[in-house]
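Dear colleague,

I am passing on the structure below, together with some notes on how it is put together. Please read them with the coordinates open.

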Amino acid sequence: MRILLVEDDPVLGMAVRDQLGADGHSADWVTRLDEAGIALHAAAFELVLLDLMLPDGRGTDFLKQLRSAGDVTPVMVLTARDQISDRIAALDAGADDYLVKPFDLFELSARIRAVGRRYAGNPNPLVTLGDIEVDLAARSVRRAGRPVALTAREWSLFEAFVQRPHQLMSKPQLEERLYSFDAEVESNTIEVYIGRLRKKLGADMIETVRGMGYRLGTPGAGA
């Protein structure tokens, strides 16, 4: 997922960013609400991790502005404010989840996966594609009953297709999912990862629509 982290605590921000990277997500980290607004206008994010108390304002006010403008990007609040009234205010403002600091980074990862599944329209973490079995919660893949080892970026790319089985995705859209603003992207990076996934999961797992992009194929269709 392409994730925007809005957090002014440098220690926590670095820890969360590293965890997101280890999970295969692309993370852009900003420390102010004005920077968050600029980032959201510049790129398409699949999730925002939002602190409530930022140097230039309150996260709930920022969230209300997003929702009022019609922005439906999922937002998970990360905050030390643990009063019930604070949770209610954030959820009423449009938050999709609320995690109180300090939190376990692995719980954060699990909650991110859950939010991603809900917004993909498939809360079931188990997906079957021909002889391919995918567990979105465990981030695991089996082919004909045997486990398939995917790298973090291979998984992130494959997950994008699994969560949007009928959607055609362009090369720039896939690059946005894998890389943050400051990352250098080689011109053939997506092709390389697509090739690796086809080698591991089957040549017909991902379909190329010439001049337009890629989408999930029908396993076994070319057999």
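Predicted model: local features only at pLDDT ≥ 70, side-chain atom pairs only at ≥ 80, totals over all residues.

Residues are numbered from 1 along each chain as its sequence is written, and side-chain values use heavy atoms, with hydrogens and water left out.

Four strands form an open sheet in the order β8-β9-β10-β11, paired antiparallel; helices (H or I, at least four residues) and strands (E, at least two) are DSSP runs numbered from the N terminus, and two strands pair if DSSP finds at least two bridges between them. At the edges are β8 (126-129) and β11 (146-148), each of which pairs on one side only. The twist from one strand to the next averages 25 degrees, where axes are lines fitted to C-alpha atoms, for helices over the stretch in contact, and angles run from 0 to 180 degrees between N-to-C directions. Between β8 and β9 (residues 132-135) there are four bridges, and L129 stands opposite I132 in β9.

Helix α6 (residues 152-163) packs on this sheet, touching β8, β9 and β10 (140-143), and its direction makes about 100 degrees with that of β9; contact here means heavy atoms within 4.5 Å. Helix α8 (residues 189-201) lies across β9, β10 and β11, at about 50 degrees to β10.

Buried means under 20% relative accessible area and exposed over 50%, with partly exposed in between (1.4 Å probe, protein chains only). Leaving aside residues up to four places away in sequence, F158 touches L129, I132, V134, V141, L150, L197, L201, M205 and L216.

In helix α4 (residues 84-93), D86, A90 and A93 are buried. Seen down the axis of α4, its buried residues fall within an arc of 65 degrees, so they line one face of the helix; the arc is that of the directions from the helix axis to the C-beta atoms. On the other side of α4, I84 and D92 are exposed, while the cover over its buried residues includes α3 (59-68), β6 (75-79) and β7 (97-100).
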